[in-house]
Amino acid sequence: MGDIDAAIERISHVIDATPLQRSERLSSLTGANVYLKREDLQVVRSYKLRGAYNLMAQLDAGERAAGVVTASAGNHAQGVAFACRTMEITGRIYVPSNTPKQKRDRIRAHGGEFVELILTGETYDAAAAAAADDVRRTGATMVAPFDDARTAAGQGTIAAEILAQLGAAPDSVLVPVGGGGCIAGIATYLRAHAPRTAIVGVEPTGAASMTAALVAGGPVTLTEIDPFVDGASVKRVGDLPYAVVSALGAEVVTHTSLGQSDRSTTIRLDPESFVMANLDEGALCTTMLELYQNEGIIAEPAGALSVAALGNITFEPGSTVVCLISGGNNDVSRYGEILERSLVNLGLKHYFLVDFPQEPGALRRFLDEVLGPEDDITLFEYVKRNNRETGAALVGIELGKAEGLGELLERMEQSRMQVERLEPGSPAYRYLT
């Protein structure tokens, strides 16, 4: 706890005290008073500068001269790059090859001549392995993105700001979770200064590594992750964050993924509770679009995790709820995929393999007899390239309303065409779409 108080003094001249904004829309939807902690407005557009700067400010002269190394999915790297240029420390930064271009460009801009950006592997964990090897070879100092007490203490300063800005303890705080450093720091501070505040950690379903650790009784390495939520997709949580989170009594409330199109899974929070939940990536995409369209907030996937979980939590009317918008480094080129995942989650987008009869007018009959008046074909592609006149085709259909799926399937059943629906998540779905 004292480490967080010291971190506040150490980094206050560098970071921005980000706004805590009440959301009228989200408050109306939940019946609570929902506030958004806007770390997307931080100087590097995420909270990661807090931990990176707090760690690097404690390096001695020899460590600074030897330089630093880090691995990151993009946000921590920007914090390290900013700190490198500010303190005039050289650094090598390893990021996965699929790190969005927007994040890579910002890393270079923040670090300037003081940083070298190195792309390696397809996941954060691959980049972390390369960074660890660099440290062994060169003697540079590792600036860990989450598995270091100095990093976690820096992130914990967010909680101190929230309490100061509210002037009282909130009833609930929702925090995105990746490697675990942020929630470890925030939970530590809240348990000391606001012990009755309920804490909710939210992970993407495709990389629920803290959930897996709590179930197993220790950190485990996931065999496969979905890298879409790049800011929170790690195969293994840090040992230190896990130790903090588990010691504070965190519990896994459900193994079912939360999602705004499925309200069947509902969490009821009690004072002092500390729970971990995981969220469907499609629901997350819907939330990202809603934040942009309604509040004008450009949240990256990890940054929207806390808000996306609101729809599956029951709050006491009038209670105070804080959602951490952890980052806003989103590449505009990703919005096509974001919209696609959102439509699938909302039940509006569906894919089919349609085997058209080898006769004239088959496609016309499909349009006239199968499609509803509000349905659109968004994708039509023959699967067999050697004959584009007849045979099976991959057809994507966007419905006017989700409730229209049953009627569409009935019309398909009554038609003379053989139709196979591709279920989201199935191998055929992933391969063909």
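Visitor: How do I read the packing of helix α9 (residues 181-193) and helix α11 (residues 239-247), and at what angle do their axes cross?

Guide: Two packed helices are described by the angle between their axes and the distance between those axes. Here the axes of α9 and α11 come within 9 Å and cross at roughly 40 degrees. Axes are lines fitted to C-alpha atoms, for helices over the stretch in contact, with angles from 0 to 180 degrees between N-to-C directions. Helices are DSSP runs (H or I, at least four residues), numbered from the N terminus. Mind you, this is a predicted model: local features need pLDDT of at least 70, side-chain atom pairs count only at pLDDT 80 or more, and totals for chains, interfaces and linings use all residues. Residues are numbered from 1 along each chain as its sequence is written, and side-chain values use heavy atoms, with hydrogens and water left out.

Visitor: Which residues of α9 and α11 meet?

Guide: From α9 come G181, I183, A184 and T188, and they meet P241, V244 and V245 of α11 (contact means heavy atoms within 4.5 Å). That group splits into 5 nonpolar, 2 polar and no charged residues. Ala, Val, Leu, Ile, Met, Phe, Trp, Tyr, Cys and Pro count as nonpolar, Asp, Glu, Lys and Arg as charged, and the others, Gly among them, as polar.

Visitor: What about α8 and α9: how do their axes cross?

Guide: The axes of α8 (residues 149-166) and α9 come within 7 Å, crossing at roughly 45 degrees. So the two are oblique to each other (under 35 degrees is roughly parallel, over 145 roughly antiparallel, 65 to 115 roughly perpendicular, the rest oblique). On the α8 side, A152, Q155, G156, I158, A159, A160 and L163 take part, facing G181, C182, G185, I186, Y189, L190 and H193 of α9. By class, that contact has 9 nonpolar, 5 polar and no charged residues.

Visitor: And at what angle do α1 and α3 cross?

Guide: α1 (residues 2-11) and α3 (residues 48-56) have axes that come within 10 Å and cross at roughly 90 degrees, so they are roughly perpendicular. A7, R10 and I11 of α1 touch R50, Y53 and N54 of α3. This contact does have charged residues, 2 of them, alongside 3 nonpolar and 1 polar.

Visitor: Into which domains is the chain divided?

Guide: An automatic or database assignment sets the bounds: domain 1 (1-46 + 148-338), domain 2 (68-139) and domain 3 (347-431).

Visitor: How much area is buried between domain 1 and domain 2?

Guide: About 1,300 Å², with carbon and sulfur atoms giving 57%. Buried area is the accessible area (1.4 Å probe) that two parts lose on being put together, summed over both. V44, D230 and N329 supply 36% of what domain 1 buries against domain 2, more than any other three residues.
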